[in-house]
Amino acid sequence: MHLCQRCVFVFRCGRMSPALQQSARILHQRSHDIRSTAALLQPSHNPLPVHDLSQKYNIETWRPCGMHLRALSSSVQNNSSDLTQKKDEKHCVAYDSSDLHQESLSDIHNIGLDAVVRPSPFQEICEEEAVRIQVPSSLPPVSFTLRPYVDKSETLNKLVQLGVDLWKLEQRPNVGSMLVKLDFHADVAPRLLFLKDLGVEESKLGSLLTKNPFILTESLENLETRVAYLRSKKFSAQSVAAMVSKAPYLLNFSVERLDNRLGFFQQQLGLSFEKTQNLVSRLPKLLCGSLEPVKENLKVCELEFGFRENEIRHIVTTVPKVLLANKRKLSQIFDFVHNTMGIPHSLIAKFPQVLNAKFLRIRERHLFLEYLSRAQYQPSHPSYISLDRLVFLPDDIFCSDVALASLEDFEQFQKTL
Amino acid sequence: MSTQAVRLFRKLDGLFAVYKPQGVHWKLVRDTIESNLLKELNSCPPPPRLAVQFQLLSSGENSSSTDLTLSPSMVPSLADHPQVTGPQFRKVHVGIGHRLDAFSSGVLVLGLGKTNGLLERLCKSHVTRDYTLEGEFGKATDNFCHTGRVVERTTYDHVTQDKLERVLAMIQGANQKALIMYSQVDLQTQEAYELALKGLLYPHGKSPPVLTGLRCIHFKPPHFTLEVQCVNETQKYLRKLIHEVGLELRTTAVCSGVRRARDGPFKVENALTRQQWTTDNITQAIAQFRSTTRKIRKSGIYRQTAAISNTSIQEHKIKGHDDAQNFSGGTMVDRVSPETRDEERT
């Protein structure tokens, strides 16, 4: 049983001998801590316990050290019985600060204001009385991590079980205290059920919440409106679920913003409705971020690279990531592929995956093929190597099938570049 | 408590060489290796602490009543769950030896753990480095690279290999003089003569870049390739060297590639390529270089044979053997300051 030294001395609830007055005074000062901790743990709509706790301490009927025991006696599975057993003071299994004040009320009536009788520490008491001892909470009011609270708070407990990375969330400002203050049954559970109804898989819920914890503070009506809007735009239920799991911040954006984005993609790219749908469901991040980088990338493709409208359309529908790629890296890859490898626009438009690949990979493989004089990218030539095979295949298959050399040769060649 | 991850972390201690690809900043290389190592180390988190919890469990088969009583049980504490604490290892000390700028490629020496302290000693010591410089006649740019803004274009038809060799010999002569001057050795003495013969002269203390070896290995106008052994250099200096070679030949030249083939005892054959930057390969490489690391640690100032004259450069191919002999010999020649030597003579 984990009890601090002081706890061992004070057994009797409510009847303290004068000898223990000093220890009671010390614990009296801890009342401030307890009050703020209670404020932290209770949701804001229940201010009553705070007042009650302070009343209790003033009367010096403070029953110290009972909370330790009570905290440890709580178990994750029994937390659901918290709210139903508030009034039952004898049933001290579930830990909740609300229990504290409920019990104290009944005890205050039993003991008169002047009768402060403290039991001797060596007095033998029965098991039931020992079990009723209240231990003050050891939770710190302020902490840098969520570690002290995770064992005691139901919300945090359930979040860890879902797979949420609390250590990542606590580094973001104010997110940690927000999570601790949430009430599982009132706030978290309805939204989780909403996401489940939407079709988001349970395994993905953890990563979704890690990336976007603010979905737990978004109002349910807003969430439902946005989902209804997406459904009205003929997105199927599965695609909406997939979009939400790929872009966790999607449902935090207003309907106007989503509408604006969808309209932009349809107009700018000149795509049909189904193609826009397809594009957005494959890369829902397009609906979340700002439109300026997308506009710049489109301008770069048109002016700097010199692609035609239909080619850009084909590239974007095949590889949507080009819209969000880094301009400088995109230019570097295109410059190498077009000028050094000598591949015309039409071929690049036919295999846009090459624009998505890593530059170093393309460069090393092309130079290796050139060294082996196998660099043939014209479809008319017999030993033609298509660009997607150049880029997609893993190293060993590339060496054996495309370059017809061994992996060691490739490594030796890499060291000569 | 030694878990598998902690044991692996303790093993990551030593020097190894990596082949840096061209166009990549050296910091990116260092960060990539650090994140690969951290990924491996954090793959098996430590077991959580057990805390006592009083749970409501059925009293057992003895009592017939369905009373739930408190009973203690050891339950893993959620405060030690990896999702709450985060990864066990957040940083691995990966140190870097002589830096390579983004335009160059080649051997880059990295150190792990406590051996990082050795890297400093290696840097301060007078190990020579081996570079392969590729040049192109006909143009001059603002940053001496072929990717820079072109400033001047010239003809290069008059350049022959003979003229190039002559220019290289002149440069080498100047560098020899600089080597002797900075090695603070009075060449009139017998010891100095013996040192120079063996090729053990090296610059003492701070000195500008000194080329101890220079030759042309490939000449096909406009492209040519030089091989350089040098001390205290920077890659920009080497590119400027190409530019100066061009100027001496009454034409202009730009550098189209700088490749470090050797950094002290770390050669290209043992360097790890990009696909090999994994924990297993790195631990193998550390084991491979363990003897070299020990020699660096033991010797006061690490030494390397500097091939000075042109004739000895032709034995470049067996340089590897020379190095090996040097390590096993471990010759330590006393460096006598000029004043004491004068006293001895008088």
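The sections below cover conventions, a helix and ring contacts.

## Conventions

The model is predicted: local features need pLDDT of at least 70, side-chain atom pairs count only at pLDDT 80 or more, and totals for chains, interfaces and linings use all residues. Residues are numbered from 1 along each chain as its sequence is written, chains are lettered from A and ligands numbered from 1 in the order written, and side-chain values use heavy atoms, with hydrogens and water left out.

## Helix α25 of chain A

Helix α25 spans residues 407-414 of chain A, and its buried residues are A:Phe410, A:Phe413 and A:Gln414 (buried: under 20% relative accessible area; exposed: over 50%; 1.4 Å probe, protein chains only). They line one face of the helix, because they fall within an arc of 100° seen down the axis of α25(A) (directions from the helix axis to the C-beta atoms). The face turned away from the buried side carries the exposed A:Glu408 and A:Gln412. Helices are DSSP runs of H or I with at least four residues, strands runs of E with at least two.

## Aromatic pairs

Over all chains, the whole structure holds 13 aromatic pairs (ring centres within 6.5 Å; planes under 30 degrees apart are stacked, over 60 edge-to-face, the rest tilted). A:Phe336 and A:Phe359 form an edge-to-face pair, with ring centres 5.5 Å apart and planes at 85°. Both A:Phe336 and A:Phe359 are buried.

Ring pairs also link A:Phe368, A:Tyr371, A:Phe398, A:Phe410 and A:Phe413 into a cluster. Over the ring of A:Phe398 sits the charged end of A:Arg365, 4.4 Å from the ring centre (criterion: NZ of Lys or CZ of Arg within 6 Å of the centre and within 35 degrees of the ring normal).

Methods. Phe/Tyr/Trp six-rings, centres within 6.5 Å; stacked < 30°, edge-to-face > 60°.
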